[in-house]
Structure formats: C-alpha cells, structure tokens
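Here is a short briefing on one protein chain. Keep the structure open beside the text and find each residue as it comes up.

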Amino acid sequence: MQVPSVCSLFGIGETCLRPVFYNGAKNQHVLEASTGATLPMSAAVFYESHSHTPLCKHATGEPEEYAAVAAQRGLHGLIITCHNPMPDGFSAHVRMAPEQFDEYVDMIARARETWAGRVDVRMGLEADYFEGYEPWLEKQLSSSDFHHVLGSVHPQIAEFKERYWNDDAFEFQQTYFKLLAQSAETGLFDTLAHPDLIKNQTADAWCTDKIMSDIKRALDRIARTGVAMELNTSGLNKKIAEMNPFPEMLGEMRARQIPVVIGADAHVPERVGDRYLDALDLLSRCGYESVSFFLERQRRDVPISEARECLSAAEPAPTS
Ligand SMILES: [Zn+2]
Ligand SMILES: [Zn+2]
C-alpha cells in the first residue's frame, strides 16, 4: 500500500523517534530520539486511539488490516484498545477471556512489526468500569505496558442493568453520569470512552435539558481529575445518530478545559479514522483549539489545524 507522503513522520527513521509534547512553538513538533536528542520537525502527527480485534467476539479484521486503513487516512499511528478480560465470566461474550490476553499481546506485536516504518501500531485497552472490580483493573493495568487505557461505563450489558435498572429511565441516566464521574476518580483511566452512551440505551427518555444539570455535576468532578474524555465517532451509526458526547456536552467539557481524544471505536477495519474531519470541525465549533492522544499513557496535545492537515490530504470520502 502507498503511504501518503504528507505528514511522513517515519520518513526520518521511525525506529528511534517518538512524538512528544509540543515545545510551544507554532507549527513545530519536537521529536525525541531514544538517545535523548531532539529534532525539530514540521509535520503533524495524529493517531487512531480506539479500535478493536476479533478477540472481543464482535469485531472483525486483523490489526494489520486496521493499520492499512490508518495509513490510507493519513494517520501515523493506531492504538488497539480491545475490550479487557474480566473475571467471573463478567459479560464474557463481548470480550477476550483472561487466558487470551497473551494472544492479544502477540497479535499487536505482529501488526506492529508488519507496519513498522509506516504506521505506529501500539497496544492499549478498553477497560470496563464496574463497581467492585477496581482491584482487578488495578492489577491488570499495571501488569502490561499499555499506551492508552479507555475507561468505559457500558450501560447496555446485562450485569449493569441487573444492578442499576429500576424501571425509571431518567434515574438510570443519572446513575450513568454519577458512575462516569466515579470512573474518572479511580485514577485508573486515561480517557473516558463515549461519555454519553446512556442516551442510546434510553433513547425514548433522552432529554438533554432535563439531564444537563446532572451532566454538569459529573463534568465538574471529572475536570478535577485531569482525565481526558473521548469524542467517539461511532455514535453516528447508533440510535441517536450523533457522536458521543453531544455538542452541548462538549461545550461544557470545553468550559472546564477537559482534554478530548478522538476515537472511531472501529470494530471493522474500514471504520479506522472514520469521520475524523467532522469530529475536528465539531471540536472547533465547541471552542477547542487542540485535540489529544496518548502514548505511553502520556497525553499529547496537537493543534486541531495540524490534525486536520494530516487527514484532509488523505481521507477518502466518508463511508457512512
Ligand atoms: Zn465493542
Ligand atoms: Zn470500543
């Protein structure tokens, strides 16, 4: 596959380079060599931060195929964040089993090698936040070198409904946002995934005016933790067809200076980087000037204009 020449981060020796924080100078990145030397560079760098593997039993395509789409779309890197193994059979039908974790590591290492010098493939994880499982997560997340850990409150799973559903959709929404704030306060996660997912679960009872004060209270708590939140483009394909979270909530996040990571939540290769330009436009409209991604669990901030530059030269027509 022909890798777009724009933003060719790896053209100057990918093995020794990794992007680091901006040095403050406009239009200039500093890339730090593993030797500790720094090199100025004008190319922008942007990654897909949320993607899956067939190990979760509801995604298709090998990581190599996801990397190929990342390259097509002008992305420099792909972070695989499949659903984490959980104990006791917890929603086992939508995640890898604990004994499959080594397979996950090997799968990503293989794709990383195949795409070396073209797409920077890294291992992350989408970890379920569910009260009582904090010690499990703590151990899991410290046992391997993840680059990006998404924390997810998944209200659609049976275990969640069993514990929290009491026939009142609005209360269920309130519970979701409380748990979202609680997940941030654990300090376990880099980014809170699809942070208004509950709207699709309770679509008929979804009224943003009614729930907004609960959301603001949750965002106040989240902002204090410093955790990032995701703008997830897969929401466009769900019942309430808009990204997660919705624009007004993004505006409230911006008011609290909560950093945003864009993720396509790709469960098929073709969705890698899907609607990223639209996501960047939405962020701009909500007052954001930069967008973030994580490597080595450290946040990197990229000016939106530069992220757009990477994608606009390469992204094919939207698929959905
Ligand atoms: Zn999934
Ligand atoms: Zn996901």
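**A buried arginine**

Arg-271 counts as buried, because 23 C-beta neighbours lie inside 10 Å. The cut-off for buried is 20 or more. Keep in mind that this is a predicted model.

- Arg-271 sits in the loop between β11 (260-263) and α9 (276-285).
- Leaving out residues up to four places away in sequence, Arg-271 touches Ala-264 and Ala-266.
- Thr-233 is 38 residues from Arg-271 in sequence, yet the two are 9.3 Å apart in space, C-alpha to C-alpha.

**The chain as a whole**

- The chain has 320 residues, and 45% of them count as buried.
- It holds ten helices and 13 strands.
- Take the contacts between residues at least 6 apart in sequence: 75% of these join residues at least 24 apart.

**A sheet of three strands**

- Three strands form an open sheet in the order β4-β5-β6, with parallel pairing.
- β4 (47-48) and β6 (120-123) are the edge strands; each has a single partner strand, so one side of each has no neighbour in the sheet.
- β4 and β5 run parallel and are joined by two bridges.
- Within that part of the sheet, Tyr-47 stands opposite Gly-77 in β5.
- β5 (residues 77-80) also pairs with β6 in the parallel sense, over four bridges.
- Ile-79 has Arg-122 in β6 as its bridge partner.

**Which way do the residues of β5 point?**

- In a regular strand, side chains alternate between the two faces of the sheet.
- Gly-77 and Ile-79 point one way from β5, while Leu-78 and Ile-80 point the other way.
- All four of these residues are buried.

- Helix α1 (residues 63-72) lies across β4, β5 and β6. It runs at about 145° to β5.
- Helix α2 (residues 101-114) packs on the sheet too, where it touches β5 and β6. The direction of α2 makes about 170° with that of β6.

**Where the helices meet**

- The axes of α1 and α2 are 9 Å apart, and the helices pack at an angle of about 40°.
- The crossing of α1 with α2 is right-handed.
- From α1, the contact uses Pro-63, Glu-64 and Ala-67. From α2, it uses Met-107, Ile-108, Ala-111 and Thr-114.
- Which kinds of residue make up this contact of α1 with α2? Five are nonpolar, one is polar and one is charged.

**Backbone details in the loops**

- Asn-244 and Pro-245 are joined by a cis peptide bond, with omega about 5°.
- Pro-245 lies in the loop between β10 (228-232) and α8 (247-255).
- Asp-88 has a phi near 60°, a positive value in a residue other than glycine.
- Asp-88 belongs to the loop between β5 and α2.
- Is Asp-88 buried or exposed? Asp-88 counts as exposed, because it has 8 C-beta neighbours inside 10 Å, and the cut-off for exposed is 12 or fewer.
- Arg-275 has a positive phi of about 60°, although it is not a glycine.
- Arg-275 is in the loop between β11 and α9.
- Arg-275 is buried, because 23 other C-beta atoms lie within 10 Å.

Terms used:
Residues are numbered from 1 along each chain as its sequence is written. Chains are lettered from A and ligands numbered from 1 in the order in which they are written. This is a predicted model: local features need pLDDT of at least 70, side-chain atom pairs count only at pLDDT 80 or more; totals for chains, interfaces and linings use all residues. Two strands pair if DSSP finds at least two bridges between them. Two residues are in contact if their C-beta atoms, placed from the backbone, lie within 7 Å. Axes are lines fitted to C-alpha atoms, for helices over the stretch in contact, and angles run from 0 to 180 degrees between N-to-C directions. A crossing is left-handed if the near helix is turned anticlockwise from the far one by less than a right angle, and right-handed if clockwise. Ala, Val, Leu, Ile, Met, Phe, Trp, Tyr, Cys and Pro count as nonpolar, Asp, Glu, Lys and Arg as charged, and the others, Gly among them, as polar.
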